[in-house]
Amino acid sequence: MKLAAIDIGSNAARLLISEASPNSAGTMDFTKVNLVRVPLRLGFDVFDHGSISDKRATHLIDTIRAYKLLLDVYEVKYLKACATSAMRDASNGNMILQEVRTQTGIDIQIISGQEEASYIYENHIAEHLDKTKSYLYIDVGGGSTELTLFSGTRLVFKESFNIGTIRLLHQQVPDSAWQQLKDFLKQQLRNIGPVIAIGSGGNINKIFSLSKRKEGKPLSLDTLKDYYKEFSAFTVEERIHAYNLREDRADVIVPALQIYINVMRWASAEEIYVPKIGLADGLIQALYREIAVPANGFQ
């Protein structure tokens with residue numbers, strides 16, 4: 001059975017199509033069939049002007065129209081579509097999504113930061129980790145950062161902060177927002193032992209790829225600091241050519257590293273695992289649970 005998720009973020013829109021099939025253990029495997037990413041960069045409008053421009057709105061509608069064609073070709077029966085930080089802040093967000101619905105038939109829901117953190121948790125990475133340790137999920141996007149903490153088998157918190165890569169590029173993150181994040185982590189982790197970080201988002205995936213680490217091996221905090229220093233010494237144009245980056249990755253990778261480094265420092269996390277999961281993957285997991293009937297398969 002094919003399932004799909006659309007994630008409209010502040011930097012890019014993603015369509016993930018996955019095949020859900022039972023394995024020999026009786027649980028479901030989710031195999032990625034296709035992943036399409038379009039750098040709409042909605043946050044560039046929203047975080048500066050409070051609304052999405054006509055040009056970007058048209059690009060969004062055209063993107064969803066293209067996604068609809070792909071969904072039809074792949075014969076996807078079930079879809080879950082969500083929009084995050086930029087749409088949450090855009091004064092015309094609901095109006096644009098209504099137009100998307102009219103033109104494509106696809107209903108995109110604007111979700112809260114808390115809901116975003118919950119969907120990322122749907123990946124259940126913690127289920128396969130050491131139950132005696134504490135793990136902090138860090139998902140860095142263009143408009144917000146979602147944090148989820150597990151200590152042993154206990155979910156301690158799921159929280160969202162309006163600190164994202166595009167907000168930082170446009171100097172839309174006041175010192176008070178950083179202080180709030182720092183104070184929150186210090187308070188929540190006061191009685192928690194050492195924390196291991198789990199990172200998601202396109203930027204940390206790119207860093208992991210550049211590091212040539214073997215799959216399943218963590219990156220150290222010092223490694224992230226080294227990359228931050230290295231990238232900061234180049235202009236965006238120089239990063240594009242030196243590291244073979246897309247422009248929409250080359251400009252946000254430095255602020256992304258700044259967020260990961262600060263969160264890890266304040267959480268006293270020395271390592272971060274990068275399992276290539278994100279909001280779209282969590283949406284697929286949530287969608288499966290919504291349509292699955294435990295006793296007799298799918299409804």
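In strand β5, the bridge partner of C82 is Q109. The strands named here, like the helices, are DSSP runs numbered from the N terminus, with at least two residues (E) for a strand and at least four (H or I) for a helix. The model is predicted: local features need pLDDT of at least 70, side-chain atom pairs count only at pLDDT 80 or more, and totals for chains, interfaces and linings use all residues. Residues are numbered from 1 along each chain as its sequence is written, and side-chain values rest on heavy atoms, with hydrogens and water left out.

Two strands count as paired if DSSP finds at least two bridges between them. Both strands are part of an open sheet of five strands with mixed pairing, in the order β3-β2-β1-β4-β5. The edges of this sheet are β3 (28-38) and β5 (109-110); each has a single partner strand, so one side of each is left without a neighbour in the sheet.

Strand β1 can be followed to its partners on both sides. With β2 it is joined by seven bridges, and the two strands run antiparallel. A hairpin of four residues links β1 to β2, and A4 has I17 in β2 as its bridge partner. With β4, β1 pairs in the parallel sense over six bridges, and A5 stands opposite K80 in β4. Is β1 largely enclosed or left open by the rest of the structure? Six of its seven residues are buried, so β1 is largely enclosed. Buried means under 20% relative accessible area, exposed means over 50%, and partly exposed lies in between, with a 1.4 Å probe and protein chains only.

Helix α13 (residues 279-291) packs on this sheet and touches β1 (2-8), β2 (13-22), β3 and β4. Contact here means heavy atoms within 4.5 Å. The direction of α13 makes about 135° with that of β1; axes are lines fitted to C-alpha atoms, for helices over the stretch in contact, and angles run from 0 to 180 degrees between N-to-C directions.

The loop between β2 and β3 holds A25. This residue is exposed, with a relative accessible area of 63%. From A25 to S151 there are 126 residues in sequence and 27 Å in space, C-alpha to C-alpha.

L136 stands opposite L149 in β7, while V140 has T145 as its bridge partner. Six of the seven residues of β7 are buried, so this strand is largely enclosed by the rest of the structure.

Helix α8 (residues 202-211) packs against α12 at an angle of about 95°, with axes 9 Å apart. The two helices are therefore roughly perpendicular, the term for angles of 65 to 115 degrees. In this contact N203, I204, K206 and I207 of α8 meet I253, A256, L257 and Y260 of α12.

The largest nonpolar core has 45 residues, of which L136, I138, L147, L181, L185, L224 and I272 touch the most other members. Such a core is a set of buried Ala, Val, Leu, Ile, Met, Phe, Trp, Tyr and Cys residues joined through side-chain atoms within 4.5 Å. Helix α12 gives the most to this core, with ten residues. A second, separate core of 31 residues includes A4, A13, V100 and V252.

Definitions and conventions. Angles under 35 degrees count as roughly parallel, over 145 as roughly antiparallel, 65 to 115 as roughly perpendicular and the rest as oblique.
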